[in-house]
Amino acid sequence: MLVSRLGAAIFLLLATTVHGLHFYLDANEKRCFIEELPSDTAVEGHYKALEWNEQAREYVLEPELGIVVEVEVRLDAFHGTCAHPLLLTTQEMETGHSVVKTRGPPEGQFTFSSHDAGDHSICLSTNYTSWFSSTHVKLYLDIIVGAVRPDIEHDRSHVSELASKVRDLNQKLEDIRREQQYQREREADFRDLSEATNTRAVWYSLLQIVVLVLTCTWQLKHLKRFFQDRS
């Protein structure tokens, strides 16, 4: 029982492995590593290439330097168990189908997923192809192996849930927009009513002034006639 638990714990610890190393490359040299992978396994690699500078007498980061990464599934690989999961190899092996072939900057990363179980060849080289080049490159490489491929169905359900929430938010925004539009219409009606009321009040005041002037005029004429008759 204790042995089985210990074995399970070791398996969980080794489920995701990280390999870090550095090596040297010449201009026309290619270095390949063999990684035995189960199916549906994601692999992520990080690299940094430094070129030898004669003036500085050290390895420096050159922007013109490019790293070519090629990943292939090997059809005819070694049988048996290797001493290290990353095996540096220069011997010829039968090439399978290509998984990744890309050219990147002197510092970058690459990722791929293994569709089939088996040995995968990870090869790195520089973009310098001249046979007369004496460039020396120091390459740091970290490879992370063991991350399981994301659950597509779970991602789809998560996206569907997010889409449903977005639709609900859009519906609420539409309701708020309609409410704001209704309030603006009510405000416009109230403004029109207020302006109409103010206009009526102005005309009523003018009418009162006219009636008052006419009344005063009539009273003055009546008093004038009254005093004329008395005299």
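Which residue does a disulfide join to cysteine 32?

1. The partner is cysteine 123, with an S to S distance of 2.0 Å; a disulfide is taken as a pair of cysteine sulfur atoms within 2.5 Å. By this rule the count comes to 1 disulfide. The link of cysteine 32 and cysteine 123 is right-handed, with 110° about the S-S bond. Cysteine 32 belongs to strand 2 (residues 30–37) and cysteine 123 to strand 9 (residues 118–126), so the pair ties together parts 91 residues apart in sequence. Strands (E, at least two residues) and helices (H or I, at least four) are DSSP runs, numbered from the N terminus.

2. This is a predicted model, in which local features need pLDDT of at least 70 and side-chain atom pairs count only at pLDDT 80 or more, whereas totals for chains, interfaces and linings use all residues. Residues are numbered from 1 along each chain as its sequence is written, and side-chain values use heavy atoms, with hydrogens and water left out.

3. Both cysteine 32 and cysteine 123 are buried (buried is under 20% relative accessible area, exposed over 50%, partly exposed in between; 1.4 Å probe, protein chains only). Cysteine 216, at 37% relative accessibility, counts as partly exposed.

4. Arginine 57 is not a glycine, yet has a positive phi of about 55°. Most residues other than glycine have a negative phi. Arginine 57 sits in the loop between strand 3 (41–53) and strand 4 (58–60), and counts as exposed at 53% relative accessibility.

5. Valine 213 is placed in helix 2 (residues 152–230). Its relative accessible area of 48% makes valine 213 partly exposed.
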